[in-house]
Amino acid sequence: MLVPRLIGLAALAIGIAGCAELRNDLRLGFAETARIERGKAHFHSVCVACHGEGSQPSPNRIAPRVEMIAQRYSPQGLARELEAIADVGHYGMPTVRTTPAERRDLVAFISSLQSPSAAGR
Ligand code: HEC
């Protein structure tokens with residue numbers, strides 16, 4: 001009678017492990033959603049004045065629309081670019097200071113606009 005009991009225990013263990021994984025995924029999902037929301041709010045208070053969003057053309061003629069930025073950069077590339085922009089700007093773009101936490105949020109938001117086929121470039 002030991003074998004069925006062991007099988008039962010093993011099934012229980014697998015079940016518990018599965019739950020933990022699911023809980024982890026949910027937690028990461030919430031953290032990511034919160035990051036995207038903060039990034040969006042930051043973008044709308046600071047960046048949208050020049051970069052625009054949606055179908056409207058960019059308010060600043062030479063500033064690419066945010067969707068364009070999302071297509072052009074991988075999340076890692078964008079993080080590096082925003083760090084450089086916080087120091088020295090970007091050609092025609094003035095220095096726009098951001099903290100590392102703000103940059104993480106902005107990257108999460110901008111990357112969330114990326115179409116799946118363009119992700120990871
Ligand atoms: C005062 C206007 C202005 C503001 C505010 C501004 N930008 Fe820009 N940004 C520009 C312009 C103009 C360019 C294009 C510069 C060029 O290529 O000469 C640019 C370029 C960029 C690029 C590089 C795009 C590329 O295709 O290489 C990124 C990334 C970027 N901005 C992100 C941001 C983010 C994020 C914010 C908010 C934290 C922001 N910008 C706020 C004007 C602005």
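Me: What makes H1 stand out in the shell around the ligand in this predicted model?
Reply: H1 gives five residues to that shell, the largest share. The elements that put in two or more residues are helix H1 (2-51), helix H2 (66-72) and helix H3 (75-88).

Me: Which residues come nearest to the ligand?
Reply: Out of the 22 residues around it, those are Cys47, Cys50, Tyr91, Gly92 and Met93. By type, the shell splits into 15 nonpolar, five polar and two charged residues.

Me: Where does Phe109 sit, and what is it in contact with?
Reply: Phe109 is part of helix H4, residues 100-112. Setting aside neighbours within four places in sequence, Phe109 is in contact with Ile36, Gly39, Lys40 and Phe43.

Me: How do you know whether H1 and H4 are roughly parallel or roughly perpendicular?
Reply: Look at the angle: H1 and H4 pack at about 95 degrees, and their axes are 7 Å apart. Anything from 65 to 115 degrees counts as roughly perpendicular, so H1 and H4 are roughly perpendicular to each other.

Me: And which residues make that contact?
Reply: From H1, they include Glu32, Arg35, Ile36 and Phe43; from H4, Glu102, Asp105, Leu106 and Phe109 are among them. The residues of the H1 contact with H4 divide into seven charged, six nonpolar and three polar.

How values were computed. Residues are numbered from 1 along each chain as its sequence is written. This is a predicted model: local features need pLDDT of at least 70, side-chain atom pairs count only at pLDDT 80 or more; totals for chains, interfaces and linings use all residues. Helices (H or I, at least four residues) and strands (E, at least two) are DSSP runs, numbered from the N terminus. Two residues are in contact if their C-beta atoms, placed from the backbone, lie within 7 Å. A residue is near a molecule or strand if its C-beta atom, placed from the backbone, lies within 6 Å of it. Ala, Val, Leu, Ile, Met, Phe, Trp, Tyr, Cys and Pro count as nonpolar, Asp, Glu, Lys and Arg as charged, and the others, Gly among them, as polar. Axes are lines fitted to C-alpha atoms, for helices over the stretch in contact, and angles run from 0 to 180 degrees between N-to-C directions. Angles under 35 degrees count as roughly parallel, over 145 as roughly antiparallel, 65 to 115 as roughly perpendicular and the rest as oblique.
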